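Please have the sequence and the structure open.

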Amino acid sequence: TRHRPKVAIICGSGLGVLADALQHSDSFKYSDIPNFPQSTVQGHAGQLVFGELRGTACVCMKGRFHMYEGHQPAKVTFPIRVFKLLGVKILIVTNAAGSLADDYKTGDVMIIKDHINLLGLAGQNPLIGPNIEQFGPRFPPMTSAYDKDLCKLAMDICKRLGYTCVHKGIYCMVSGPNFETVAEARFLHSLGADAVGMSTAAEVVVAKHCGLRVFGLSLITNQVKKDYSEKGSVNHDDVLGVSKMRAEMLKALVSEMIAEVCGCACLLLD
Ligand SMILES: O=P(O)(O)O[C@@H]1C[C@H](O)[C@@H](CO)O1
């Protein structure tokens, strides 16, 4: 491919259409890329797409890797270091997540202001093992994992686009693949998490370690039950259904973000 991406986008469950925004695109199947794992989850196509979005060269992971697929944390996050070596400066992570916050509705968007890397805290951190100094320091800080300027820009864009169901909140990564019990949901909520999912935090840790700026979006695809009296249960088809419904909205938001970042703050990309 002739594209030299400055921005990498990871598409969450059912959000592969974000890659359709890229023009003059070249796609590569994960199975044709050395050392890339394969996608095994429905809603994750397994293609790396290079192209231009509003004049900026981007690379898009149409399908990500999860630990519940049997991968070690370092394998799940392997593409992030590939992006760094390709010259990427900004990582945009998206995911489908369950809501723990009482005021979030299904279909809402949460701009991620911080995360709880529950697996990382418990010894499943992608940076465990010999540190590769070429990428970053042994003890990287995570106090500003999610770029404040990009968060603010996203909030402004949402306002301009007339999106009202947008929150800023804290994402908690668990391993899955099972959805949470009521007691687990209460526990995660009491920790301060607004949404829970099975990805993202490990990718962000590796991205920050190697100096990328990070912006994250969760699409709230379901309400996590925090009360035994609440009826019904979530499944992956429901998650994909909501993603499908909201994908165009996220595509517009991500496109505007990239246009703005490259239009008025080119310094981000130098
Ligand atoms: O890749 P993401 O985090 O968007 O996927 C979420 C978590 C599970 O993989 C799946 C559950 O429905 O969606």
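Buried means under 20% relative accessible area, exposed over 50%, and partly exposed in between (1.4 Å probe, protein chains only). This is a predicted model: local features need pLDDT of at least 70, side-chain atom pairs count only at pLDDT 80 or more, and totals for chains, interfaces and linings use all residues. Residues are numbered from 1 along each chain as its sequence is written, and side-chain values use heavy atoms, leaving out hydrogens and water.

**Cysteines.** A disulfide is a pair of cysteine sulfur atoms within 2.5 Å. The count is 0 disulfides. Cys 151 is too far from its closest cysteine sulfur for a bond. Cys 210 is in no disulfide either.

| Cysteine | Relative accessible area | Nearest cysteine sulfur |
|---|---|---|
| Cys 151 | 5%, buried | Cys 158, 11 Å |
| Cys 210 | 3%, buried | Cys 58, 17 Å |

**Cores.** A nonpolar core is a set of buried Ala, Val, Leu, Ile, Met, Phe, Trp, Tyr and Cys residues joined through side-chain atoms within 4.5 Å. The largest has 40 residues, and Leu 48 and Leu 91 touch the most other members. Beyond four places in sequence, the contacts (heavy atoms within 4.5 Å) of Leu 48 include Phe 28, Ile 33, Val 59 and Phe 83. Another core, of 37 residues, lies apart; Ala 19 and Leu 250 are among them.

**His 24.** This residue sits in strand E2 (residues 23-29); strands are DSSP runs (E, at least two residues), numbered from the N terminus. His 24 is exposed, at 53% relative accessible area. Which residues does His 24 touch, not counting those up to four places away in sequence? They are Arg 2, His 3, Phe 50, Gly 51 and Glu 52. His 24 and Glu 52 are 28 residues apart in sequence, yet 6.5 Å apart in space, C-alpha to C-alpha.

Conventions: Helices (H or I, at least four residues) and strands (E, at least two) are DSSP runs, numbered from the N terminus.
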